[in-house]
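Hello,

Here is the structure I promised to pass along. Please open it beside this email, and my notes follow below.

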Amino acid sequence: MTAKTWSIAGQLFALQVMVVILLVAAGTVGVALVAHADARDAAREQVLAVAETVARSPDVTAALRSPDPAAVLQPYAESIRTATGTDFVVVMARDRTRYSHTDPTQIGRPFIGEIGPALAGRPFTVVNTGTLGESVRAVAPVREPDGGVVGLVSVGITTRVINRRLLDRAPVLLAATAAALALAGAGSWLLSRRLRRQTHGLGPAQITRMYEYYDAVLHSVGEGLLVIGPDRRLTLINDEGRRLLGLPTGAPLVDRPVTEVDLPAALTGLITSGQDARDVLILTADRALVANQRSTGPGGRALGTVLTLRDHTDLRALTSELDSVRGLTEALRSQAHEAANRLHTVLTLVELGRADEAVRLATAELALAQQLTDQVVAAITEPALAALLLGKSAHAAERGVELTVDPASRLDVGRLPTGDLLTVVGNLVDNALEAVAGRPPPRRVRVRVAEEDGEVRVEVTDNGSGLPPGQVADAFRRGWSTKATGRGLGLALVGQVVTRHDGRHEVCAAADGGTVLRVRLPIPVELPT
């Protein structure tokens, strides 16, 4: 495994181990140096205390005045050396002549090392090299009762002994070092294991590549994407999701509760439910969106939900137009069949010699159809809307419903977008036709479309069973329908158009017990050029 393929956890663990080893090694060296310095300081204090104690001994002063000082001082000095654990105790004259030494052959020879401060009456410590090697030594003056210096005492500990004492502490130091390494290594391993679990064992290059790919996908995908955490907070939304929901591009939405985000009520309810959903229609102010929601999480552990949004606005408009065309086609097919029957009847009457009756039958049907066409075309100059009403009239006749256009209807072309007019009028008429379906004759639907007081007013009246009082407020809500199998989409689309044009809609009871649906859409004011 190369360094490039190491996971972040593995690289971090290796780095931590290296840092820990360096820190522990540096600390160990520092402790060793401090311990060595402390050992030397302790040796200085020890030899100085022994030297001063021996120098103050009356026996030493008396021995220095005797004819043979060495005979008295050698055994005395060795007993002191043995008792104090020092390496040498040397008593000498002012001229450096030794009277005692660890090596008896050195007695009578000159002392090697500095003695000047002691001759001046000041005890001191120094590191010098003598017959026993390098040592930490102290030299103290031996004074007469009158204060005069009659000799010197030197006590020392070799550096070899000091180092050996330090080495005696090495096991403790090494044990502390090993314990520190073990604790630091265990902590690094636990941290590495936790990081490995959180990063799924991925390396830096893999995470970078994954982020770049995911970021590119999120910003380029043609569907809106929302990720919601288990606490119902929005954790991610892509650019298309903002566009479809009409949310500001730069607004801080991440980590906010979904109830505080300006989402459609139906979408908020779907998210807060937390249930999986497929192809749920969500209506915004100007769009028809299809939502899919699914819970996510590895190993069955819930991490939140993923919601996707697809724009079906154009598809819904085309579907609505297709339904209208299909209905018109069925009506035309029925009319063609009926016309064939009537034509056959007319021909039969002619063959029977009843030409007058044949003419009356043919002209009566033609006059009725032409009268309706003339009435609609004269009142509605918007060609698409006029065609829609004629088609709906034929469709209503096929279903046994009498659809009439109010003589007071009048609407010129271009007052409102054609698509919005077709959506409002077509869905209101379809709703009225469904309301009277299954009712005993007569079944009537009346349509009025007019421009009044700067508004386009659409009114559709039917003589159906009417709406219960508790359902009036829900009539234009998504999902409400008078049919058991209905999707409740038509009037919701009407409500969408009303909201987009800042209009109004109302539902009230008709005089004959049916229902009146009214929609008012303000006509946009053209700005002067």
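Let me start with Thr305: leaving aside residues up to four places away in sequence, Thr305 touches Leu226, Val227, Ile228, Gly274, Gln293, Arg294, Ser295 and Thr296 (contact means heavy atoms within 4.5 Å). With 2% relative accessibility, Thr305 counts as buried (buried is under 20% relative accessible area, exposed over 50%, partly exposed in between, with a 1.4 Å probe and protein chains only). Thr305 sits in strand S10, residues 304-311 (helices are DSSP runs of H or I with at least four residues, strands runs of E with at least two, numbered from the N terminus).

Before going on, some ground rules: this is a predicted model, in which local features need pLDDT of at least 70 and side-chain atom pairs count only at pLDDT 80 or more, while totals for chains, interfaces and linings use all residues. Residues are numbered from 1 along each chain as its sequence is written, and side-chain values use heavy atoms, with hydrogens and water left out.

**The sheet**

S10 belongs to an open sheet of six strands, in the order S7-S6-S5-S10-S9-S8, with antiparallel pairing (two strands pair if DSSP finds at least two bridges between them). Strands S7 (256-257) and S8 (277-283) stand at the edges with a single partner strand each, so one side of each has no neighbour in the sheet. S8 pairs with strand S9 (residues 288-296) in the antiparallel sense, over five bridges. Within that part of the sheet, Leu283 has Ala288 in S9 as its bridge partner.

**Two helices**

Helix H12 (residues 383-398) has 16 residues, which at 1.5 Å a residue should span 22 Å; its end C-alpha atoms are 23 Å apart, which agrees (the expected span is 1.5 Å times one less than the number of residues). Among the buried residues of H12 are Leu385, Leu388, Leu389 and Lys392. After H12 comes Gly400, with a positive phi near 80 degrees.

For helix H13 (residues 418-436), the 19 residues should span 27 Å at 1.5 Å a residue, and the end C-alpha atoms are 27 Å apart, which agrees. Its buried residues include Asp420, Asn427 and Asn431. Gly438 follows H13, and its phi is positive, near 85 degrees.

**Helix H1**

Val19 is found in helix H1 (residues 8-55). Val19 is partly exposed, with a relative accessible area of 38%.

Best wishes
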